[in-house]
Amino acid sequence: MSEPTTPTRARTVPTETGVTPAPEAVPAWRRLLSGSAGRNLGLVVALLLIVVIGAVTAQGSFTSLDNMLVILRQASIIGVIAIGMTFVIIAGGIDLSVGSVMGLASVVATLAAVQDLADSLHWSMMIVIALAVGVGAGLINGIVIAYGNVVAFMATLAMLVGARGLAEILAERRTLVVQDRGFITFMNGDILGVDILIWIFAIVAALGWVLLNRTTFGRRTVAVGGNREAARLAGINVKRHTMLLYALTGLCSGIAAVMILGRTTAGTSTHGTLVELDAIAAVVVGGTLLIGGRGTVTGTVFGVLIFATLSNVFVQNNLSSSVQAVAKGVIIVVAVLLQQRFSRPPGRG
Amino acid sequence: MGAASGEEGSRDGEAACYVRRVIKVDHASSLLDVRGVTKSFGGVRALRGVDLEVRPGEVHCVLGQNGAGKSTLIKTLAGVHRPDGGQISWLGDDVEIDSPQAAIELGIATMYQELDVVDGLSIAENIFLGHEIAKGGFTRRSEAARQTTELLRRLGHARLSPHTEVGSLSAANKQIVSMARALSHDIKLIIMDEPSAVLDTEEVKNLFAVVRELTGAGIAVVYITHRLEEIREIGDRITVLKDGRTTAVGLPAAETPTAELIRLMTGREVANVFPERAPVASDAPVVLDVEGLELDGVFSDVSFSVRAGEVVGLAGLVGSGRSEILETVYGARKATAGRVRVRDKVLPRGSVRAAVGAGIGLSPEERKSQGLVLDEPIFVNISLASLKRFAKGGFLDDRAARKIAREQIDAFELRPADPDRPARTLSGGNQQKILLARWLVHGTDVLLLDEPTRGVDVGARAEIYALIRDLAAAGNAVVVVSSEIEEVLGLADVVLVVADGRILRTLPSHQIDEHGVLDLVMKGSAA
């Protein structure tokens with residue numbers, strides 16, 4: 001190998017004055033609106049608008065503290081499901097089975113309680129069983145999707161149908177009444193005047209926020225949804241992560257099952273029907289991209305509250321649920337259109 | 001101004017001139033030694049026996065045409081693919097690299113050609129993705145931000161904030177993030193797969209400064225590129241691949257003649273020259289006439305005209321608005337002012353349909369995402385713009401489309417010469433030929449070519465240049481955009497120098513050279 005006697009070119013050591021292109025010139029307001037803070041600001045405005053409409057049209061009955069708690073109570077169950085849904089959607093997936101898994105968990109938990117177990121075991125076992133059923137169903141989803149390479153939409157659609165059927169078989173199409181007074185009393189109690197159900201929603205939302213924003217799990221969720229190949233090349237076990245995400249939505253379905261058991265004091269295979277659509281709508285209205293890679297828990301909470309408040313305003317004004325449904329549809333489309341407007345990079349036609 | 005400070009930086013560096021170490025030819029001293037590595041995918045043999053020997057602190061260039069096996073080799077070293085045969089030793093020990101994690105643990109980091117960053121995460125989050133700075137699963141964000149700032153400063157980009165979302169960055173800055181991520185590991189070897197492909201001249205300078213700093217610290221760089229002049233500037237030694245085999249090992253980068261390198265890559269003699277320009281007839285009609293075109297916030301007051309048989313080139317840096325001008329002429333973006341005329345017809349703004357109807361064809365910058373239906377066969381891609389011609393009563397006649405495709409394959413020397421091969425399996429040069437063939441079949445009057453040779457190796461480049469000339473000679477008005485100023489100057493009859501969304505100067509290409517263009521661009525941006 002020939003060794004050059006004189007360097008043909010000088011090697012240089014870079015100083016700190018490297019070339020940095022000027023930051024793209026984007027107006028501050030646009031940057032603010034296209035950031036997550038901006039998207040959430042829009043949601044706050046939308047929610048306030050609905051509250052104002054409610055306050056004007058229904059006056060006293062809407063603005064009362066009791067009614068506010070009613071809204072939150074109604075938001076709580078969908079809210080818990082939607083928090084889990086936020087994670088799978090950010091990761092580029094979808095879980096259609098959340099509602100029927102919730103129904104299945106409610107049936108299995110009540111069955112366990114009405115049978116022999118009830119006498120020998122504390123009611124907290126019901127909670128454990130419901131959560132276990134949720135996580136179990138979620139893991140099955142996750143394994144089929146991650147290791148069986150089945151599209152999430154199809155895998156969870158199969159679970160949607162299958163879990164509902166299984167719940168019907170187990171319940172023999174009957175409504176199973178929860179007998180345990182301790183459980184019912186606890187679930188319908190309150191702390192500092194706020195229902196347990198609302199507390200559960202608040203805690204799940206807070207934990208969800210921490211999980212998404214402050215843990216490696218959350219970071220990797222965004223990476224898997226934003227650029228699956230990059231995540232894999234960064235050494236992330238994408239398959240295992242995907243599986244865990246569906247276990248997480250399963251867990252949320254389990255929690256929701258416990259909540260609905262407490263509220264209705266009964267387990268039935270029809271619990272949670274169409275909840276998946278409400279949850280997905282709330283997540284999307286909350287600014288999470290359906291294609292994955294971007295989304296916030298805060299936005300989802302607002303999405304849930306917007307829908308809950310809206311339906312309360314309609315009820316207060318004695319409007320039918322059909323009118324509500326039409327309004328919901330309009331809101332979903334408008335919300336998505338607005339988001340596209342604000343999150344679009346400038347200069348694109 | 002950024003450009004000025006960059007100049008200063010390199011002058012300071014020259015004062016502290018780097019002294020070459022004496023490197024003995026001794027396999028024991030090599031960092032990485034790859035011997036006879038093979039790898040097949042299905043029936044396709046991507047690597048048929050590759051040797052590569054890299055020493056600490058050197059810049060080792062890997063040259064090869066598209067499809068020569070460079071990407072497979074890289075991915076084998078990065079732990080993405082496992083080799084079928086052969087041996088890899090690392091610091092004298094035989095190793096198996098069976099996962100991306102294993103590669104990183106050895107000290108091999110890779111910057112991929114497709115930008116492997118996550119848009120929705122911040123710079124700091126991207127850099128530490130997969131090895132987050134965390135305690136018990138909880139991320140320590142301020143520590144990550146601190147280390148990110150340090151890495152960015154080391155790369156000469158101290159102005160980037162660790163909290164900026166990567167999706168809002170330019171391609172060049174995304175590359176910086178990718179490099180910072182590689183450096184966030186304790187590495188001894190960094191593989192760069194065509195890092196300069198998305199960079200403009202200034203940014204390439206900065207990249208080289210970083211590469212020199214790395215090698216100065218004893219880190220080896222495996223540098224993959226199509227640009228021979230970069231190898232001259234930055235490389236120490238060269239390994240050449242052809243058809244999955246190593247054809248030359250450890251050539252001195254500075255002394256090996258270009259013709260020799262091209263011969264090793266292609267197996268034949270190819271001159272990387274631009275075809276002769278035929279003078280445009282003075283009475284040739286103006287085919288494309290653009291007047292006062294404006295896209296709010298991107299460019300304004302763009303006027304030019306192209307005659308039949310003429311090639312007009314837009315020269316400028318990345319972000320100057322050159323691609324947007326083409327896209328606006330094509331109607332893919334809706335102009336906010338001005339008009340586009342093809343022959344005597346004024347086109348409605350923002351209508352691709354009208355543009356195609358008037359005979360305009362566009363070969364987009366992002367061939368893979370904007371131009372080709374990758375999983376469809378060659379003949380489908382070629383006939384895509386002229387489906388009506390191949391339809392009978394609404395049903396497609398694939399036989400006719402295949403026949404036309406076969407004619408184009410012969411005319412363009414498309415390889416493999418099989419109309420049923422999916423576009424994905426073709427090299428960059430051949431994919432580009434598909435796009436040119438598409439418009440030829442459709443019959444265009446105006447051809448807009450955005451980066452026609454990006455990702456195309458030197459051998460195929462000459463062919464593409466010749467094709468573009470042929471298309472012009474056939475009466476097309478051609479507009480070419482390229483980041484390689486040399487290419488614009490060599491190909492075009494008339495050059496428009498673009499900076500910051502304005503046309504600074506319009507002049508015949510023989511009246512200006514690369515320095516002249518850069519001078520104009522720098523002055524224009526400063527003004």
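Within E14(B), Ser305(B) is the bridge partner of Asp289(B). Strand E13 (residues 286–295) of chain B and E14(B) are joined by 6 bridges in the antiparallel sense; two strands are said to pair if DSSP finds at least two bridges between them. Helices (H or I, at least four residues) and strands (E, at least two) are DSSP runs, numbered from the N terminus. The model is predicted: local features need pLDDT of at least 70, side-chain atom pairs count only at pLDDT 80 or more, and totals for chains, interfaces and linings use all residues. Residues are numbered from 1 along each chain as its sequence is written, while chains are lettered from A and ligands numbered from 1 in the order in which they are written.

The open sheet has 4 strands in the order E14-E13-E16-E17 (chain B), with antiparallel pairing. Strand E14 (299–307) and strand E17 (345–346) of chain B each have a single partner strand, so one side of each is left without a neighbour in the sheet. Helix H10 (residues 322–329) of chain B packs on this sheet and touches E13, E14 and strand E16 (337–342) of chain B. The direction of H10 makes about 115° with that of E13(B); axes are lines fitted to C-alpha atoms, for helices over the stretch in contact, and angles run from 0 to 180 degrees between N-to-C directions.

## A covered strand and its partners

In strand E11 (residues 237–242) of chain B, 6 of 6 residues are buried (20 or more other C-beta atoms within 10 Å of the residue's own, with C-beta atoms placed from the backbone). Arg237(B), Thr239(B) and Leu241(B) lie on one side, and Ile238(B), Val240(B) and Lys242(B) on the other.

Strand E3 (residues 59–63) of chain B runs parallel to E11(B), joined by 4 bridges, and His60(B) stands opposite Arg237(B). Strand E12 (residues 245–252) of chain B pairs with E11(B) in the antiparallel sense over 5 bridges. In their hairpin, which has 2 residues between the strands, Asp243(B) takes a positive phi near 50°.

## Nonpolar cores

The largest nonpolar core has 174 residues, and Val80(A) and Ile81(A) have the most contacts inside it. Such a core is a set of buried Ala, Val, Leu, Ile, Met, Phe, Trp, Tyr and Cys residues joined through C-beta atoms within 7 Å. Helix H4 (residues 65–90) of chain A gives the largest share of this core, 14 residues.

Methods. Buried ≥ 20, exposed ≤ 12 C-beta atoms within 10 Å, placed from the backbone. Contact = placed C-beta atoms within 7 Å.
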